[in-house]
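I opened my notebook to see what I could look up here. My entries follow, in the order I made them.

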Number of protein chains: 2
Amino acid sequence: MSKKITLKELAIISKFSVSTISKALSDNNEISTITKKKIKAIARKHNYKPNAMARGLKSKKTKTIGVIIPNILTHYFAKVLSGIEQEVTKSGYNIITCISNESHKKEVKSIELLASGSVDGFLISLSKESQKKNDYSHLNDVIENGLPIVMFDRTSNEVVCDKVIINDFESAYNITEVLIDASCKNIIYISPLGDTNVGTERANGYSKAIEDKFNNSTKPVVLNFTDYSKFSIELEEYLEKNVVDGIVSSNELSGIFAMNLAISKGLKVPDDIAFVAFTDGILSRNSNPPLTIVNQNETELGRLAAATLIKRLEKKSDNQFTTQILNTSIIHRKSSKKNILI
Amino acid sequence: MSKKITLKELAIISKFSVSTISKALSDNNEISTITKKKIKAIARKHNYKPNAMARGLKSKKTKTIGVIIPNILTHYFAKVLSGIEQEVTKSGYNIITCISNESHKKEVKSIELLASGSVDGFLISLSKESQKKNDYSHLNDVIENGLPIVMFDRTSNEVVCDKVIINDFESAYNITEVLIDASCKNIIYISPLGDTNVGTERANGYSKAIEDKFNNSTKPVVLNFTDYSKFSIELEEYLEKNVVDGIVSSNELSGIFAMNLAISKGLKVPDDIAFVAFTDGILSRNSNPPLTIVNQNETELGRLAAATLIKRLEKKSDNQFTTQILNTSIIHRKSSKKNILI
DNA sequence: CTGAAAGCGCTAACAA
DNA sequence: TTGTTAGCGCTTTCAG
C-alpha cells in the first residue's frame, strides 16, 4: 500500500490536531463520537499503524517479552516455546527469543541487551553453565531495574521471582516405580542434565524410589554425562560389566539413545531391559518400541509461565511471588511393559 | 545494580553536555581523546546502556529482525531457526519470532504488527494457507514500505525479494533413485506438504524419476494428506490393496510414521519395503532402522538467509535480488539398503 | 573540541 | 470538545 503514515501527516490530511487524532484513535472520551468516526475512517483509509518505537519510548512499555531458552532443538523447549507463543499472542504481546545455547555468557549478554528498553519482562530457563556457576547476578540486576522475570523448568532459589515448574522429584519417583512394578531389579538412571536443579531433583527422586523399594539391598546408580558419543562407549561398557534390566532417563533423547544401544546389542525391549524417560516428544511416540514417559505438559507450562508474567505486567500486582508446580502424568507405552515374573 | 541511567543523568554527573556524551560514546572524532576516556569511564561505572527504543525512534533502525515460521515443533524449522539465531547474534541483531501455525491470518497479523517500527526486515517461510490462497499482498506491502524480506524454503514467485531454497526437484529425483537402485519396483510418494512450492517440487522430482527410470511402465503415485491419524487408515488400506516396496516421504515425520505402520503390519524394512525421506532430524537418526534422508542443511540455510538479509540491511545494496539454491546431500542409512535382486 | 537545540512519533497535562 | 505544548532518550546538525 501507501508508505508508512504518521500522526502528523494524518493531522494535515484530516485538519485535526495531532493530539485530537491520538485521543480519537485510543477512544479517549474527550473526543466527540462524530470526530472519532471521521478520524478513524481516515486512519483506516491510509492504513495508519502507530509506530511501536515511539509509543514504547513514551509509555515505557514495549509489549514484547524476552524469552531466554537453553536451546531450541530439544523438543521439550520447542514445545514450551510454542505454548509461550500461543499465550503471548492472545494478549497482543510479541516475543524476542534468545537461545543461550547453555552458555552463561550468552545468557548474560542477551539479557543485558534486551533489558535496555526492548522488553517489558523475561521468561527464562537457565543455561547449564549459569546453574553450574551459580551466578545469577544478571537476573537480580534486571529485577532491581523493575523488569519482572518468570523462571520455568530450570530455576534457582537465588532469584526471587515467579516460577513455574513440574514436580521433578515426585515424577522421577513415580516413573522409577513403573520399572520396579515391571519387576526390574537393576535399574540405573542416566542424564545429560548434570547440575541443573531439574537434573538433581530427578536423580534424587529416582534414588529415593530405589532405596524405598529395595530397602537398600540395591544401591541407586546415577550416570551423568555431557557428550552423547562418548557416553555411548561408557554406557556400553557399563552394560557389559553390570546387570541392568531397567533404565530411567532424565530426558527423551538419552532414553531413545540408550534404547537403541541396547537393541543394537541384541537385547529385547522390554523383556531383557525396559526403558522410561522424561518428555512426551516426537521421538518417544515414534520409537520402536514406543517409550513410556513422564508427560511434562510442556505447552501448558509455557502458557502458564507467559500468563503469569503478563498478569504481573498488566496488574502491576505487588503480591507475593509464587512458585506454581504443574503435575505430570505417565504415559505407558511398550518400552516398559515387562511381564511380571513370579 | 543501579537503576537504569540516561544520557541526561550522565550529563549532570559528568558535567558534560548530553550531546558531547552521545558523541563520545559513539567514538565520534569531534571529541578529544581525553574527554572520551573520562566519559566512557563514567558511563561504565554507572553501567550505562543506551535505550533501544529512543535510539530506534531516531535512527529508524531497530537492530531486530522479524522471523515468521509456520511452526516450531517440526525439527526442520527448529534447525533453521537455530541457524538464523546464530548468524543474527554475530551481527548484534535480535529476532522476534512469530509462529504462523500455517494460518494466513496469523501470518498477516504478525507481519503488520512488526512492520510498524518493530523490525528492520523479515525472514519468512510461508504458511500453507498463504500458499494455497496464493495471497501475498501483505508481503508486497511490507516491501513497498521499504522493509526488505528474505524468503526461505516456502517461497513464491509473486514476491520479488531475496530467496534461499534448496533444489527440491533434484533432491527428490535423487532420493527416489536411491530406492530404484535398491531395486524397488513400486515406489509411492507421500506428503503432508500439500500445495506448498516445496511439496509440489518434490512430488514432481519424484514423478520425473519414476517416469525416467521405468519408461512409463510404472506410473508415479502421489499421496497428499493433511491429517496424520486419518492418513494412517488411508495408507494402510493402500498398502493392502497395492503392491508397494518403496516409499518416498516429503518430510521426516511422515517417513517415520509410514515406516512404523509398515513394521506394525509385519513387513521387514528394508527387505519388504524401503524408506527414504527429507530432513536429517532427530527422528531419522534415531529410528529403527535409521532412515535414509535428504540432508537439507537446515542450519546452513538459516544462516545464509539471515546473512543475506543483514547484508541488505547494512549495505543498503540496491543490487538485484538473488535466489540462492543450497545443494543437498543424501545420507544413506539402513532403511533403504535393500539387497539387489538379480 | 564542546554545547545548544531541533526533532524522531507518540502521549497527556494543561489551555482554550 | 479540541488544540497547544512539553517531553520520553537519543542522535545530529549547527553555533560557539
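Before counting contacts, I wrote down the rule: two residues are in contact if their C-beta atoms, placed from the backbone, lie within 7 Å. I also noted that this is a predicted model.

**Where the chains meet.** I found 41 residues of chain B in contact with 41 residues of chain A. On chain B, the elements giving two or more residues to this side include helix H5 (75-90), helix H6 (104-115) and H12. I sorted that side of chain B by class and got 19 nonpolar, 14 polar and eight charged residues.

**A sheet in chain B.** Next I traced an open sheet of six strands with mixed pairing, in the order E7-E6-E8-E9-E10-E12. Which strands stand at the edges? They are E7 (221-224) and E12 (329-331) of chain B; each has a single partner strand, so one side of each is left without a neighbour in the sheet. I saw that E10 (residues 292-295) of chain B pairs with E12(B) in the antiparallel sense over three bridges, and that B:Val294 stands opposite B:Ile330. Helix H12 (residues 252-264) of chain B lies across E6, E8, E9 and E10 of chain B, at about 165° to E9(B).

In chain B, B:Lys60 has a positive phi near 60°. B:Lys60 is exposed, with 12 other C-beta atoms within 10 Å.

Notes:
Residues are numbered from 1 along each chain as its sequence is written. Chains are lettered from A and ligands numbered from 1 in the order in which they are written. This is a predicted model: local features need pLDDT of at least 70, side-chain atom pairs count only at pLDDT 80 or more; totals for chains, interfaces and linings use all residues. Two strands pair if DSSP finds at least two bridges between them. Helices (H or I, at least four residues) and strands (E, at least two) are DSSP runs, numbered from the N terminus. Axes are lines fitted to C-alpha atoms, for helices over the stretch in contact, and angles run from 0 to 180 degrees between N-to-C directions. Ala, Val, Leu, Ile, Met, Phe, Trp, Tyr, Cys and Pro count as nonpolar, Asp, Glu, Lys and Arg as charged, and the others, Gly among them, as polar. A residue is buried if 20 or more other C-beta atoms lie within 10 Å of its own, exposed if 12 or fewer, and partly exposed in between; C-beta atoms are placed from the backbone.
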